Amino acid sequence: TADEIRVIYFFYQGCRSSSRGRECPAEGFVDLGKPPADDEDVISRGARRLQAYFNDRFQTYGRRVHFWVWYEGDFTAEGLRAHALEHLKLIDPFAVVHGITATEYTEVMARRGVLTFNSAVGTPAAFFRKYPKLMWSYLPSMELHARSYSSMICKQVVGRPVAFSGNAGDNGKPRVLGMLRPDPDAGGYGPELSNFADRVRAEVEACGGSFAVVANTPNGGQVGTTENEKEAQFTQNMAEMSQKGVTTLIWAWGFDLGRNSSAAARQGYFPEWILSGDNIMDGYDLGQVQDQQEFDGHAWIQTVQARSPAFSQDLCYSAMLEADPDTPEEDAALLCRLHLAYEAFRQLFVGIQVAGPKLGPATIDKGYHAIPPGPSQTPFVPACYYEPGDYTCIKDATAMYWDRNGQAPGAQSPGCWRMPDDGKRYTWDEWPEQDISARRRPDRDPCNGYSSLSVNVNAGV
């Protein structure tokens, strides 16, 4: 309208541990344009702070961006479509912001001309192109992420000898690749993640790599499988990798809480591990729950996450503190880490600013695509621009290795992902032509402060 931009912040209903104890919001709307209720939940309190921060600092041409937080409990296709139609009538939003997979909801919105700012992992480019100028993401598309990961493997792993294995006698031998692929029939996040793995496999094989073993592995979103069945699969996968002489494990998405690495360690099998980050495995806290003998010095991870300081210096937390100096760190972490709320809000407000006074999908598209491409100027902020036909922000990544004795900024326990060259970032095709481990300098490489496990546990995932 002339004085308001209405936005729905879509979140899943669930209980969360906060500075006030256990909080369980009911399904429904929280209007952040109204004064907060005494019992307003932790996610709405955080979103309210970010709403104030960004409205104060971005040019919105006389309009105030007004958020409603929606807590969704019904993720069936029918439920999502019904709620989208309801929200169109109740709110008539300009945009929806979310960090979860809710395809049916966002498609209903897109067909009515509502923009979506989505930071769900693994979203394919075709999803954005199906509704051009209406679907946007801070995280790269599945294809761009796969392109970065496979490019790194092609330039820094394929055709090079083993360099950081824990298996006696393997270092210096030709690498034999094996792949851990999320089970496509697992439920949860299975199909999206396995599509990523399949694309990586094809791209690595196209550059001359080959895989002696490709094993489906259980993952954190898996349903319908008992713990004993999962454990048997982890054990079988590692036995097959060892028997086939795999020196280098390519772990193409799918998080777990140490089951893969523990299964390998129990069998005395210590290969090179090269993971692709998924916003979860990138966290030092997920590294700390892996088998430490297995990972220490033997595991690398490619990540689109930027170098993070201690959470007390985090951009998202700093923004909340500016809006409300009494923001508890524990509460801010719930929204700032896994759900990328700061980045999603910032992407929306950048779009509003670059669109100019005549706000709409066409002007936002024109403004975004006018942002000049260029490398990141600091390891703390990714390169962000939009290529032709592309609707996703991040365009670079970095690689890190595990040090069981490193201390991540703000961490209470040892173990961190160390960042060569202070966390220098590389666009998709610019990885150096050298072994992935060549830049490793444990005496000077900083630890990344990015964490994720605490957010998952608190969120009930």
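Helices (H or I, at least four residues) and strands (E, at least two) are DSSP runs, numbered from the N terminus. Arg201 lies in helix α6, residues 190-206.

This is a predicted model: local features need pLDDT of at least 70, side-chain atom pairs count only at pLDDT 80 or more, and totals for chains, interfaces and linings use all residues. Residues are numbered from 1 along each chain as its sequence is written, and side-chain values use heavy atoms, without hydrogens and water.

Contact means heavy atoms within 4.5 Å. Beyond its neighbours within four places in sequence, Arg201 touches Met179, Phe211 and Val214 by contact. Its C-alpha atom is separated by 30 Å from that of Thr106, 95 residues apart along the chain.

Patches are made of residues with over 30% relative accessible area and no salt bridge; like charges are joined within 9 Å, nonpolar side chains (Val, Leu, Ile, Met, Phe, Trp, Tyr) within 5 Å. A salt bridge puts a side-chain nitrogen of Lys or Arg within 4 Å of a carboxyl oxygen of Asp or Glu. Arg81, Lys89, Arg111 and Arg112 form a positive surface patch. Leu315, Phe380 and Val381 make a nonpolar one of about 250 Å².

Arg112 sits in the loop between α3 (103-111) and β7 (115-118). Val381 is in the loop between α14 (361-369) and β14 (396-403).

Buried means under 20% relative accessible area, exposed over 50%, partly exposed in between (1.4 Å probe, protein chains only).

| Residue | Relative accessibility | Class |
|---|---|---|
| Arg112 | 56% | exposed |
| Val381 | 38% | partly exposed |
| Arg201 | 33% | partly exposed |

Notes
Areas by Shrake-Rupley, 256 points an atom, 1.4 Å probe, with all protein chains shown as cover. Lys, Arg positive; Asp, Glu negative; His and termini not counted. Charge placed at Lys NZ, Arg CZ, Asp CG, Glu CD.
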